[in-house]
Amino acid sequence: MGRAAACVYWLPLLCPAQQNKLAVRPPQMVSIKQGGTAVESLRVEVLDGFHVNSDKPKDEFLIPLRLTWMGGPLEAKSISYPKPEEVKVGGDLLNVFTGAFDIKTEFHSPSTAPVGSAAMTGKLRYQACNSSMCFRPATIDIKVPVTIE
Amino acid sequence: MAAAAGLGLCSCSSTSSAANTRSAANQAGRKAAPDFTLTDSTGKPVKLSDFKGKVVLLNFWATWCGPCQIEIPWFIEFEQEFKSRGFEVVGVSMDDDGWKVVKPYITEHKLNYRILLGDETVSQLYGGLDALPTTFLIDRDGKFAFSPHIGLAGKNEYLSEIQSLIGTKQSVENGTRRGLRILAAAVVPGAAE
């Protein structure tokens with residue numbers, strides 16, 4: 001089989017396909033009292049063999065992992081990322097995340113927040129690589145169910 | 001990627017061993033590299049077909065791409081060494097943030113070859129470019145001479161392919177070319193000093 005023919009034949013197996021290199025587990029319900037606080041853990045899993053830049057990559061040109069809360073009844077007081085791993089790519093040391101990890105958000109409910117069910121929506125932006133190639137930045141929509149008591 | 005297959009583009013190869021030297025497609029079987037017009041950092045429109053008659057290393061890259069940073073110094077070297085023999089490196093940045101991030105990078109890393117800003121149209125023309133770096137060697141007739149390098153490739157591999165297209169081997173046999181020194185340096189680090 002010629003190379004070109006082999007490439008077409010094996011295309012789905014050999015070629016880097018556009019797919020998420022990172023997945024987010026469906027978030028747990030956040031229960032919170034009016035005026036109270038609660039911590040939500042977002043479970044993130046990076047595919048084996050890949051890494052994503054941490055929230056604080058060492059190089060200014062690299063694209064950090066970034067969780068941004070866009071809408072909902074709660075205020076995000078703080079977002080905590082795990083401690084990154086240091087990996088060497090070429091001659092450079094990079095701060096990356098691999099495998100499974102949690103991003104924790106401390107939510108605060110305003111005392112005027114309406115009681116009942118709602119949702120917080122956000123976006124998780126990341127940029128993934130493996131040892132030989134990088135994939136274009138991607139964004140995953142996040143939706144966390146919320147119950148305000 | 002289906003588009004890449006349609007263009008006969010997909011090799012998905014990424015090796016760093018000189019032992020894995022690839023053969024050029026035969027002349028008759030080569031496909032034309034899709035033409036495009038993009039702007040350079042001065043705002044000047046540049047067409048790929050402007051380079052017809054030259055051997056072109058067309059590198060899709062981004063400032064945020066680590067493996068791209070490994071290859072870029074090689075491309076600077078290739079441009080310097082082979083430009084006078086009708087060879088050009090053309091870098092197409094796929095940075096979403098555009099010149100705001102690309103121009104400082106060009107300055108900081110002293111890129112000596114033409115950089116253009118890519119767009120989705122060009123991306124689709126070249127198979128989607130999901131992974132970077134992706135690099136094509138284009139012959140003097142504007143045709144793909146090899147299947148593309150998707151991901152980090154080897155410096156020796158690039159050198160071998162460039163040589164086969166610009167005829168460097170003959171120059172080396174004839175005598176005292178600097179190309180011989182950089183070839184030696186690629187095989188035995190430090191040989192060029």
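Lys88(A) lies in strand S7 (residues 85–89) of chain A; helices (H or I, at least four residues) and strands (E, at least two) are DSSP runs, numbered from the N terminus. With a relative accessible area of 63%, Lys88(A) is exposed; buried means under 20% relative accessible area, exposed over 50%, and partly exposed in between (1.4 Å probe, protein chains only). Between the C-alpha atoms of Lys88(A) and Leu67(A), which are 21 residues apart along the chain, the separation is 25 Å.

This is a predicted model, in which local features need pLDDT of at least 70 and side-chain atom pairs count only at pLDDT 80 or more, while totals for chains, interfaces and linings use all residues. Residues are numbered from 1 along each chain as its sequence is written, chains are lettered from A and ligands numbered from 1 in the order in which they are written, and side-chain values use heavy atoms, with hydrogens and water left out.

**Chain A**

Chain A contains two helices and 13 strands. Of its 149 residues, 42% are buried. Among the contacts in chain A with a separation of 6 or more, 72% come from residues 24 or more positions apart; a contact means heavy atoms within 4.5 Å. The accessible surface of chain A is about 8000 Å², and 52% of this surface belongs to carbon and sulfur atoms. Such areas come from the Shrake-Rupley method with a 1.4 Å probe, and for residues only the protein chains shown count as cover.

One side-chain arrangement in chain A involves a charge and a ring: the charged end of Lys21(A) sits over the ring of Phe135(A), 4.1 Å from the ring centre. A charge is counted in this way if NZ of Lys or CZ of Arg is within 6 Å of the ring centre and within 35 degrees of the ring normal.

**Salt bridges**

A salt bridge is a side-chain nitrogen of Lys or Arg within 4 Å of a carboxyl oxygen of Asp or Glu. Over all chains, the count is twelve salt bridges.

| Arg30(B) | Asp139(B) | 2.7 Å |

The salt bridge of Arg30(B) with Asp139(B) links distant parts of the chain, 109 residues apart: Arg30(B) is in the loop between helix H1 (2–6) and strand S1 (37–39) of chain B, and Asp139(B) is in the loop between strand S7 (134–138) and strand S8 (149–150) of chain B. Both Arg30(B) and Asp139(B) are buried.

Glu88(B) is buried at 8% relative accessibility, whereas Lys54(B) is partly exposed at 31%.

Salt bridges that share partners join Lys54(B), Glu79(B), Lys83(B) and Glu88(B) into one network.

**Aromatic pairs**

Rings of Phe, Tyr and Trp (its six-membered ring) pair if their centres lie within 6.5 Å; planes under 30 degrees apart count as stacked, over 60 as edge-to-face and the rest as tilted. The whole structure contains 17 aromatic pairs over all chains. In one of them, the rings of Phe75(B) and Tyr158(B) have centres 5.3 Å apart and planes at 75°, so the pair is edge-to-face. This pair links distant parts of the chain: Phe75(B) belongs to helix H2 (residues 66–82) of chain B and Tyr158(B) to helix H5 (residues 155–166) of chain B, 83 residues apart. Phe75(B) is buried at 0% relative accessibility, and Tyr158(B) is buried at 0%.

Phe82(B) and Phe87(B) form an edge-to-face pair, with 6.0 Å from centre to centre and 85° between the planes. Phe82(B) and Phe87(B) are both buried. One aromatic cluster is formed by Trp74(B), Phe75(B), Phe78(B), Phe82(B), Phe87(B) and Tyr158(B).

**Helix H3 of chain B**

In helix H3 (residues 99–108) of chain B, the buried residues are Trp99(B), Val101(B), Val102(B), Tyr105(B) and Ile106(B). They cover an arc of only 165° around the axis, which puts them on the same side of H3(B); the arc is that of the directions from the helix axis to the C-beta atoms. The face of H3(B) turned away from this buried side carries the exposed residues Lys100(B) and Thr107(B). The cover over the buried residues of H3(B) includes S1, S3, H2, S4 and strand S5 (114–117) of chain B. After H3(B) comes Lys110(B), whose phi is positive, near 50°.
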